[in-house]
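Good morning, and thank you for coming. I should like to take you through one structure, element by element.

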Amino acid sequence: MRRPAAVVGFSWFFALLAGTFCPIGGTMALLLLCLAAGVVSLFVRPLRIVKVVPTALLTAAVAMGSICLATFLTVLPIQSLDGVNCRVEGVITDLPTPKGERMLYPVKVTSVDADGAPQEFNIFLSCRGQLPARTFDEISADVHFYTSGAKEEKGAYIAAYTLGDVQVKEAEVRPVYAFVVDARQKLMETNRETLSSDAAEVINGVLLGADDQIDPKIKQAFRDTGIAHLLAVSGAHISIFTNFVLMVLMRFKVNRRVAAVLAAGFAFGFMALTGFTPSVMRAGLMSIVYLLGLAARKKADSLNSLGLAAFLLTILNPFAVRDLGLIMSLMATLGMIVLSARMESWMIRPFANVKRGRRVINGIVATVAQSLSASLFLLPITIVVFERVSLISPVTNVLCMLPASIMMIASGVGSMLHSMGMLAFISNPCLLVAGLLAKYLIAVTGLLSGVPFAVISTSQGFVLVWLAGTILLFCLAFLLRKDVSLFQSCTALSAIVLMIGILSYQISMRGVTSIKVMNSENVLSAAVVRDGRAAVIGCGGSYNAAARIQNYLQDEEIRRLEMLVLPSMEEEFASGAQELLESFPVDMVLAPAEADLTALKAASPDTEFYPYDSADIRFWEGFDVTASRQGEESALRMEVGETEILLSTNNADVTFVQGSHPDVALLGKELPANFQKCTPDVALTPSGGLAPIYLAEREVESILVGEKTDLIIMTRGKGDVLIRRD
């Protein structure tokens with residue numbers, strides 16, 4: 001085999017990708033199938049001689065076996081703690097991540113006070129507020145375990161949240177990695193102290209991958225313009241830094257082989273500084289292999305290096321293959337290795353006779369070729385996972401990649417010099433340049449994200465049909481392989497079909513009101529969208545309630561929220577309101593009259609607040625809402641033309657809709673008072689809430705809304721209602 005590491009690595013990785021997303025029974029079936037096919041291929045002489053097919057099949061079988069072993073020996077014993085309350089002791093292993101009002105701490109559990117429980121495993125611990133603790137300090141607390149917050153790709157097969165106070169004990173001895181974490185925190189604080197808040201957070205995101213405090217509007221602009229990869233430290237980052245280090249060492253007359261070894265050491269240090277995330281480790285391993293090849297005067301094969309990295313990163317934890325950053329990093333790199341050079345050669349042909357500005361043209365063409373080749377391999381992921389495709393990405397990459405590279409080097413050098421005390425004054429010019437370039441990136445992405453059709457939603461089902469057809473079309477073109485014009489024709493045809501599909505879908509949806517019903521910890525929230533306008537009713541429950549609502553609005557191309565209705569200020573109905581107001585423009589908030597709105601007003605000073613006890617509001621033509629409060633509870637009647645929808649908090653009194661017949665009722669964990677006086681056709685209830693509902697007259701059809709499967713109510717306002725799972 002010409003590239004054994006590539007064959008083994010990619011077979012291993014993609015087999016894991018298929019196996020980890022299957023039920024365990026399906027994984028075992030795939031194991032037997034791959035094993036049988038691999039054994040059979042050993043007896044087929046042409047396949048045995050080529051070696052690729054038997055190697056790939058047997059590698060895939062071993063990968064499936066590793067999933068089964070990990071599931072039965074590690075994952076299931078740990079997840080048996082789901083729903084258990086007990087006391088645990090552990091060690092904080094890295095910096096926390098903010099999630100709304102809570103903080104997520106990565107913790108290595110060392111003791112669990114429960115009979116028969118595993119004693120050493122990793123979790124993400126959710127705490128209210130920040131703990132007075134540093135990394136590798138010891139903690140003890142009463143916790144509740146739950147599997148829905150597990151991050152299996154990071155080796156945390158279960159999560160927990162605190163039930164009371166957390167006791168912290170300072171570590172007596174801190175490992176070396178603790179000082180690396182301190183250095184990361186120091187670099188981030190240096191940027192925050194010396195630069196404006198937006199510029200500092202963008203630099204922290206680009207330099208260290210710490211994007212959790214970037215303004216959500218800026219982060220969304222980066223996504224919409226196709227340069228969100230800058231905020232996930234990957235191959236481009238490590239390549240820029242290692243090449244810079246290599247160049248500096250060579251300028252100081254350091255032996256080339258020694259310089260390569262030192263640059264490889266720097267790559268490892270950078271991996272540690274950014275937290276050993278999977279995408280960084282993939283890029284770091286490839287860079288180290290390349291640099292050690294330079295030191296040994298051997299040229300590393302890019303595909304072999306990528307395959308080796310994919311194998312090494314997932315051999316200890318097969319579920320690491322689920323890490324989206326790793327998948328995207330691997331696919332983008334694969335696209336650039338396979339397509340970039342050919343695409344660049346094809347794109348430069350029209351400029352063959354141009355003499356002036358050749359270097360600029362070559363640079364632009366190379367950037368566009370790399371962006372397009374990576375984007376093509378990432379297209380299935382962006383369509384299926386993000387349900388959005390940026391059409392303006394090539395333009396943004398040309399405008400931003402070089403400034404971003406300079407910003408990375410300037411901020412890295414400036415931050416390190418600033419931390420050296422006596423050399424701090426030298427750092428100021430570097431940090432000034434980095435800050436100006438960060439503002440440039442913010443301005444460019446903000447401007448381009450507002451261009452019509454800069455980003456298109458692919459959440460509609462027909463897009464998956466288009467994707468399957470496009471893949472089939474290109475496979476046929478590859479088999480025919482007559483010339484490059486066939487691929488150009490396929491590309492043009494696919495683009496035309498996609499645009500026709502999107503435009504026809506938008507035309508068909510004119511005048512349709514869509515109400516997305518979400519279950520967050522057994523509390524229903526609703527996002528109402530029609531013809532580019534939107535309102536949200538309720539925003540509470542789990543910590544990610546605001547993010548789920550915002551993601552849906554963005555998928556529907558909503559740039560501004562006209563109304564946020566809070567039926568109650570209790571945490572289950574309003575815990576995510578502040579986060580939503582901070583991250584999304586909202587014109588008006590309708591809230592209970594006696595509520596303390598100080599924090600919400602501070603989060604969004606430009607928003608109008610309307611306290612109510614009862615209210616009749618017309619959101620827009622043909623969409624009216626009547627709100628009624630009784631004590632701590634609220635009920636709302638939404639009228640979309642002739643379609644009527646009732647939403648009630650737990651045991652609110654719905655007498656005010658007496659005699660009406662709502663088409664749909666959205667209920668809480670308790671049946672509303674006097675519910676028998678209205679007879680809805682369908683009741684939507686949270687999956688952990690009410691049992692089937694019986695009224696005096698008849699049984700009401702009850703549909704459960706799961707925490708991971710939302711429902712969409714669609715109507716044209718003529719009493720016609722379509723309810724489908726999203």
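**Helix pairs, a kink and a sheet**

Let us start with helix 11 (residues 302-314) and helix 12 (residues 324-348), whose axes come within 10 Å and cross at roughly 170 degrees. Angles over 145 degrees count as roughly antiparallel, and helix 11 and helix 12 are therefore roughly antiparallel to each other. On the side of helix 11, the contact is made by Ser302, Leu303, Leu306, Ala310, Leu313 and Thr314. Helix 12 contributes Leu326, Leu330, Thr333, Leu334 and Ile337.

The chain averages a pLDDT of 81, and 93% of the residues score at least 70. Where in the chain is confidence lowest, and where is it highest? The lowest mean, 54, belongs to strand 22 (residues 693-694), while strand 1 (residues 85-92) has the highest, at 92. Where pLDDT is low, the predicted coordinates should not be read in detail.

Helix 6 (residues 197-208) packs against helix 14 (residues 393-418) at an angle of about 95 degrees, and their axes lie 10 Å apart. That angle makes helix 6 roughly perpendicular to helix 14. Here Ile203, Val206 and Leu207 of helix 6 meet Met407, Met408, Ser411 and Gly412 of helix 14.

Next, please find helix 4, which covers residues 52-79 and has 28 residues. From its first C-alpha to its last, helix 4 reaches 38 Å, close to the 40 Å expected at 1.5 Å a residue. Helix 4 also has a kink of about 45 degrees, centred on threonine 71.

Eight strands form an open sheet with mixed pairing, in the order 15-14-13-12-11-10-24-25. Strand 15 (608-612) and strand 25 (722-725) are the edge strands, each pairing on one side only. From one strand to the next, the twist averages 15 degrees.

Within this sheet, strand 10 (residues 513-519) and strand 11 (residues 524-530) run antiparallel and are joined by six bridges. Which residue of strand 11 is the bridge partner of isoleucine 515? The partner is valine 528.

Helix 18 (residues 545-555) lies across strands including strand 10, strand 11 and strand 24 (711-715). Relative to strand 10, helix 18 runs at about 155 degrees.

How values were computed:
Residues numbered from 1 in each chain as written. Predicted model: local features only at pLDDT ≥ 70, side-chain atom pairs only at ≥ 80, totals over all residues. Heavy atoms only, no water. Pairing = 2+ DSSP bridges. Helix = DSSP H or I, 4+ residues; strand = E, 2+ residues; numbered from the N terminus. Axes fitted to C-alpha atoms, helices over the stretch in contact; angles between N-to-C directions. Contact = heavy atoms within 4.5 Å. pLDDT = per-residue confidence, 0-100. Expected span 1.5 Å × (residues − 1). Bend = angle between axes of the 7 residues up to and from the residue. Parallel < 35°, antiparallel > 145°, perpendicular 65-115°, else oblique.
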